[in-house]
Amino acid sequence: MHNRASSTILPLAQTMIVHFNQNLQARRTGTEGSGETFAQLTGRVVESLTTLLQQGEVDARTWSTLRIHLDWIQYRENFRDPVMVRRAVDPAGRPLALAEVAIDLRQVTPDGLAPMLAEAQRGLRGRPAPTGEPGPLPLGDFSPLRESPIWAFNRLFWQRLADWEAVSGRPFDAALPGGTSDGNHPQAIADSVGDFWTLLRDLEARSQLPAEIFCVEVGVGSGTRARLWLDRFKALDEHCGSAYYPRLRMLLGDYSPRTLDAALEAMGPHAPLVSVVAIDALNPLKTLSFLRFKALYVHLTNVYDNLPFDELVRRDGRLYVIEARPYVSSATARHLSTELGVSRDDLPGLAQRLLDGGPQAFDDPRRGMLLWRCLWSGLRLEERLRAVEDGDEGHVPQGLTRVHLDDLLNEAPYDVRFQVSRGAAESFANTLPLLHPRGYLQVQDIFVPAMEDYRQGFRGPGKLDGAVVVWVNGPLLRTVGARAGYDVHFAPFRYRPGSKTTTLFTTQRD
């Protein structure tokens, strides 16, 4: 074993392969455990598996093609149980020999590990729990992650953000690491303004500065960043006597009218220079086509990590797409049945009513809100690996081909699981045409800059107090940018120690 993030493969009792998908020095702290490192917890897993094999609790024949994946999920709220089974199926849904057991070492406890592994063995054999208690309650069928109901929950959250915040008692930003968005960091904003002002000065020196200076903020949220950016720009403009500020035309985009109203109000004295527009983050060009080739600056913060994606897996040279089925545990189902006074069988229908109409779809919206929050907290995803046929491009983002995906795989480790950030790629491709020939796009988000980085731990999806969050495949966006004539660069966010944020920016190719 190596003291670095890796996908080390270890033969176990000549029957299994164990993958370590994390830095071996990661450590549980505080309420999560006794401070054991990832390596120490891994030792416990190997010991438990060996004991189960020796005791005959595990069928070595069943596990002869099994892989054990040890993860460390950094999100306290996520869609994973501590131990889960993944089976592989062919393109028609018929079972294949490959199976995986995924263990989140952050969640498991020493006392609970062996029983969970034994339960996983029963799951592989298709045997019910010995207690006879009803199992988990499915809330849908298997589908690629891009079609998962988690996106309906995500959409409901942003449409009803005020309702969620009223019940939770805190603004959404408070759930972010550090309790605030990196997009609002004062020094980061000051540097962003300085870079933009320098561009304007250069354009003016070349007699190329347009009469109207268009800027766009996609996913404006509360409007805090846009207000701080305009404050800083106005102060710099006045200090330098450049008279650029009155020529600014700032467009704030989001798909929630209530969000846009609040953002416009937050602009204060800058409001005469600001317009708000309802846009779909997947296709800003559809609404902003009048800005084609005019925007000198387009900015997004934590938008791409909230857009639909697929996940692909390569095992032994074969490609699989992850399919997921949403469910809640039997305990969660029992709790909801009691609280709402309905049967277990009624819960999937009530969940669909919630996703279609929100809490207001119920006679008592408070019951709808209870259902929403409890479902979201308890929602889990069962996963399976569906083999991808040669020539199947259903998982390839619009505008790309399987050839581009093969290029990504050529950069990737041999056995790898990675996101195909379809939503981010689509949004990116539909934003670039807005840019002026000297304009640029700046995105602050959680990016995976290189395919090799997928060896270094779990990349989502996770939960953020009502919303979905997932890392974004940077090499995929490089491919999209290259097709549009742009180079894509990534720079660490240096303003907050420990930040996972990376800044993407574009430069146009000669």
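**View 1. The hairpin of β12 and β13 holds a residue with positive phi.** Two residues lie between the strands of this hairpin, and Asp316 takes a positive phi near 50°. The model is predicted: local features need pLDDT of at least 70, side-chain atom pairs count only at pLDDT 80 or more, and totals for chains, interfaces and linings use all residues. Residues are numbered from 1 along each chain as its sequence is written, and side-chain values use heavy atoms, with hydrogens and water left out. Strand β12 covers residues 310–315 and runs antiparallel to β13, with four bridges joining the two. Arg315 stands opposite Arg318 in β13. Strands here are DSSP runs of E with at least two residues, helices are runs of H or I with at least four, and both are numbered from the N terminus. Two strands pair if DSSP finds at least two bridges between them.

**View 2. Strand β13 and its pairing with β14.** Strand β13 spans residues 318–328, and nine of its eleven residues are buried. Buried means under 20% relative accessible area, exposed over 50%, and partly exposed in between, with a 1.4 Å probe and protein chains only. Eight bridges pair β13 with strand β14 (residues 380–387) in the antiparallel sense. Val321 stands opposite Arg386 in β14.

View 3. The partner of Pro144 in β13 is Glu323.

**View 4. The largest cavity has a volume of about 340 Å³.** A search of the whole structure gives three cavities of 30 Å³ or more. On a 1 Å grid over the protein atoms alone, a cavity is a set of points where a 1.4 Å probe fits but cannot get out; lining residues have an atom within 4 Å of a point. Grid points are joined across faces, edges and corners, and a volume is the space filled by probe spheres set on the points. The largest cavity is lined by 24 residues, with Asn21, Asp71, Arg417, Gly457 and Phe458 nearest its centre. Elements giving two or more residues to this lining are β2 (16–22), β3 (66–71), β12, β14 and β15 (416–420). The largest share, four residues, comes from β15. By class, the lining has eight nonpolar, seven polar and nine charged residues. Ala, Val, Leu, Ile, Met, Phe, Trp, Tyr, Cys and Pro count as nonpolar, Asp, Glu, Lys and Arg as charged, and the others, Gly among them, as polar.

**View 5. Seven strands form an open sheet with mixed pairing.** The strand order is β10-β9-β8-β11-β16-β22-β21. β10 (274–278) and β21 (486–492) stand at the edges with a single partner strand each, so one side of each is left without a neighbour in the sheet. Within the sheet, β11 (residues 295–301) and β16 (residues 435–445) run parallel and are joined by six bridges. Val298 has Leu441 in β16 as its bridge partner.

How values were computed. 1 Å grid on protein atoms, 1.4 Å probe; cavity = no way out; pocket = protein on both sides within 12 Å on 5 of 7 lines; lining within 4 Å.
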